[in-house]
Amino acid sequence: FKVGDTFNISLRVDKILKYKLAICRDYAKLTAVLLHNLFSNSQIYFISIPRHVAAGIEINKKLYILDQKLPVLTLDTWLKVWNRKTATIYQLKVFDSKNKKKLKLEKCRIAKITDPSINVDIEKLSDEVDKLLKIDQKRRTQKTSVFKIPILISKLAKCYDNDEIVIHSIARAIKLRLENELCSNFENIEKIEIKQDEEDLIVFAYLRNK
């Protein structure tokens, strides 16, 4: 790591990949470049609040925000997570100059939160987790020899939105957390239950006794 890079306002993408260490604006830049390369016909954005920025993409006229890790968020849920009421939206403009692509940010608007409430459709989210874990839904009502492990996932309820992309990404985040927490016992999950505790989600994993 070059000490001089610590004084740069922003790192180049190649250095972000080399160091595997960056701050939010560098992660946002890397995410935006990856999104542009994968979805060149889609609109890419930067969403900014004081002391933080993230990248986003428009899908079916709806803005989705990718902020370093799962889950994918809508604008409302992103503002809830950061306890903000407004954010500044910048669009990434790509144009050719002397056969080279150049990037430019153009300020679009000030966005406001539309629904500050936190309400999780537990049944819908549980069904999506079941699909990812390949758990037979009929097992929920069966009495089996299992032991129950509660796993608290802080602030995840704030991320919920009744949106297919968001629900799927939250389910993926839950799956990754279960894999990390349960390790070799992950394959022994008989069923799961999810409960909302204000801003948090508690996932109960029922494991088969060996």
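Modeller: The answers below take the secondary structure first, then the sheets, individual residues and the pocket.

Modeller: The model is predicted: local features need pLDDT of at least 70 and side-chain atom pairs count only at pLDDT 80 or more, whereas totals for chains, interfaces and linings use all residues. Residues are numbered from 1 along each chain as its sequence is written, and side-chain values use heavy atoms, leaving out hydrogens and water.

Colleague: What makes a stretch of the chain count as a helix or a strand?

Modeller: Both are DSSP runs numbered from the N terminus: a helix is H or I over at least four residues, and a strand is E over at least two. By that rule the protein chain has five helices and nine strands. Along the sequence they follow the pattern α-α-β-β-β-β-α-β-β-α-β-α-β-β.

Colleague: How do you know which strands pair in the sheet of six strands?

Modeller: Two strands pair if DSSP finds at least two bridges between them. Within it, Phe 95 stands opposite Lys 102 in strand 6. The open sheet has the order 4-3-2-1-5-6, with antiparallel pairing.

Colleague: Why are strand 4 and strand 6 placed at the edges of that sheet?

Modeller: Strand 4 and strand 6 (100–112) each have a single partner strand, so one side of each has no neighbour in the sheet. The twist from one strand to the next averages 30°; angles run from 0 to 180 degrees between N-to-C directions, with axes fitted as lines to C-alpha atoms, for helices over the stretch in contact.

Colleague: Which helices pack on this sheet?

Modeller: Contact means heavy atoms within 4.5 Å. Helix 2 (residues 24–38) touches strand 1 (44–49), strand 2 (52–59), strand 3 (62–67), strand 5 and strand 6, and its direction makes about 20° with that of strand 2. Helix 5 touches strand 2, strand 3 and strand 4, at about 160° to the direction of strand 4.

Colleague: What makes the order of the other sheet 7-9-8?

Modeller: This is an open sheet of three strands with antiparallel pairing. Strand 7 (146–153) and strand 8 (189–197) each have a single partner strand, so they stand at the edges. Strand 7 pairs with strand 9 (residues 200–208) over eight bridges, and Val 146 has Arg 208 in strand 9 as its bridge partner. Helix 5 (residues 164–182) packs on this sheet as well, touching strand 7, strand 8 and strand 9, with its direction at about 120° to that of strand 7.

Colleague: Why is Cys 159 called buried, and why is Cys 183 called exposed?

Modeller: Buried means under 20% relative accessible area, exposed over 50%, and partly exposed in between (1.4 Å probe, protein chains only). Cys 159 has 8% and is therefore buried; Cys 183 has 54% and is therefore exposed. Of the 210 residues of the protein chain, 40% count as buried.

Colleague: How many disulfides does the structure hold?

Modeller: The count is zero, where a disulfide requires a pair of cysteine sulfur atoms within 2.5 Å.

Colleague: What makes the backbone at Lys 155, Glu 198 and Pro 71 worth a remark?

Modeller: Most residues other than glycine have a negative phi, and most peptide bonds are trans. Lys 155, in the loop between strand 7 and helix 5, has a positive phi of about 65°; with a relative accessible area of 42%, Lys 155 is partly exposed. Glu 198, in the loop between strand 8 and strand 9, has a positive phi of about 55° and, at 67%, is exposed. The peptide bond from Leu 70 to Pro 71 is cis, with omega near 5°, and Pro 71 lies in strand 4 (residues 69–74).

Colleague: How do you know what lines the largest pocket?

Modeller: On a 1 Å grid over the protein atoms alone, a pocket is an open set of points where a 1.4 Å probe fits, with protein on both sides within 12 Å along at least five of seven lines; lining residues have an atom within 4 Å of a point. The largest pocket holds about 460 Å³ of space, a volume being the space filled by probe spheres set on the points, which are joined across faces, edges and corners. Of its 19 lining residues, the closest to the centre are Lys 69, Leu 70, Pro 71, Leu 156 and Cys 159. Strand 4, helix 3 (75–81) and helix 5 each give two or more residues to the lining, and helix 5 has the largest share, with five residues.
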